[in-house]
Amino acid sequence: MAPREVRARRIAFPLALVFSVQVAAVLAQSYPSRPPRLIVGFTPGGGVDINARVLASKLSELLPQQVIVENRPGAGTNIANEYVAKSAPDGYTLLFNSPAVVINMSLYRNPPYDALRDFAGVSVFSESTNILVVPASLSAKSVKGLVALARELPGALNYSSAGAGSTQHLAAELFKLRTGTSIVHVPYKGSAPSIAALLAGEVQLSFINPVAVGAHVKSGRLRALAVAGAKRTELMPELPTMKEAGVEGVEVPLWFGLLAPAGTPRDVVQLLAANVGRAARSPDIRQKLVDQGADPVGNTPEEFERQLRDEVARWVEVVKVSGAKAE
């Protein structure tokens, strides 16, 4: 290669790098110039969707630009995950999800995305948990009663979930493992149809976020038995944890967080994270979250990305121990 050509290439590379940085800076300064979309991999009415809409309404005030929630349910959130992973990294197509985005890495043989390679963590909006609920018509009045019934009728009881790979799915599979029971999984495309099946008596139990079932528990149509977490929920302080109810090893933490496609300008990611934090800490949103049994978070992109790395490894073990598989 001629010396002149070598020099030209050496000069061209830094210039290209400078140009890309300048483009990213211009994009960040003008962001957002149109409505960003939060893509949710569940049907409306569940915990993820409810949190997404609470966040979107506040972000619409803070940015200020209307933030739209778009539901793309199916395949254990893989449809939504893949869609965002392959979207332009410009900050206008974002993913709002739960641990399902990392659980699927070990639950599916060939997931259509890589949670660490294809996404940039923005911020965790809130943390919560799932609770074990049964129809009020079921004879079981406690966790011990439910275990006894399941052992008496192996394979006769069904549980619903928001889909394969959801925390509801994993919590129920761990429950089966820890109690030595045989209960059949019936996956749905979100919490709303899962709850509808529970209310209709098509299934006999489910692990669901208290945000989504609180009204049904208060009305007496559903009976809450325990919390699948390390601590009780403020929404139902009288409800014992699974450990307190006599079953250890069924702790499935649940978070609701915002992710962007990998390659999204860091200034845009930081801007979004700062506003998620402002939203989570604002008095009105904080109270809404507490009333729904959730704790506000609003952490940094760096903290969320470390959490994602840790959870990919953690969920490999949980999926392996539970024996859960994607249907």
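## A strand covered on both sides

Both faces of strand 3 are covered, with Thr93, Leu95 and Asn97 buried on one side and Leu94 and Phe96 buried on the other. Here buried means under 20% relative accessible area, with exposed over 50% and partly exposed in between (1.4 Å probe, protein chains only). In a regular strand, side chains alternate between the two faces of the sheet. Because five of the five residues of strand 3 (residues 93-97) are buried, this strand is largely enclosed by the rest of the structure.

Before going on, a word on the model: it is predicted, so local features need pLDDT of at least 70 and side-chain atom pairs count only at pLDDT 80 or more, while totals for chains, interfaces and linings use all residues. Residues are numbered from 1 along each chain as its sequence is written, and side-chain values use heavy atoms, leaving out hydrogens and water.

## Neighbours in the sheet

Strands (E, at least two residues) and helices (H or I, at least four) are DSSP runs numbered from the N terminus, and two strands pair if DSSP finds at least two bridges between them. Strand 3 pairs with strand 1 (residues 37-40) in the parallel sense, over four bridges; Arg37 has Thr93 as its bridge partner in strand 3.

With strand 10, strand 3 pairs in the antiparallel sense over three bridges. Here Leu95 stands opposite Leu259 of strand 10.

## The enclosed space

Searching the whole structure gives one cavity of 30 Å³ or more. The largest cavity holds about 130 Å³ of space, and helix 2 (47-62), helix 6 (167-179) and strand 10 (254-261) are the elements that give two or more residues to its lining. Of the 15 lining residues, Phe42, Val48, Thr167, Gln168 and Ser191 lie nearest the centre. By class, this lining has five nonpolar, ten polar and no charged residues.

On a 1 Å grid over the protein atoms alone, a cavity is a set of points where a 1.4 Å probe fits but cannot get out, a pocket is an open set with protein on both sides within 12 Å along at least five of seven lines, and lining residues have an atom within 4 Å of a point. Points are joined across faces, edges and corners, and a volume is the space filled by probe spheres set on them. Asp, Glu, Lys and Arg count as charged; Ala, Val, Leu, Ile, Met, Phe, Trp, Tyr, Cys and Pro as nonpolar; the others, Gly among them, as polar.

## The open space

The largest pocket holds about 410 Å³. Closest to its centre, among 22 lining residues, are Glu127, Ser128, Thr129, Lys231 and Asp295. Strand 4 (119-128), strand 10 and helix 11 (301-322) each give two or more residues to this lining, with helix 11 providing the largest share, three residues. The pocket lining has eight nonpolar, six polar and eight charged residues.
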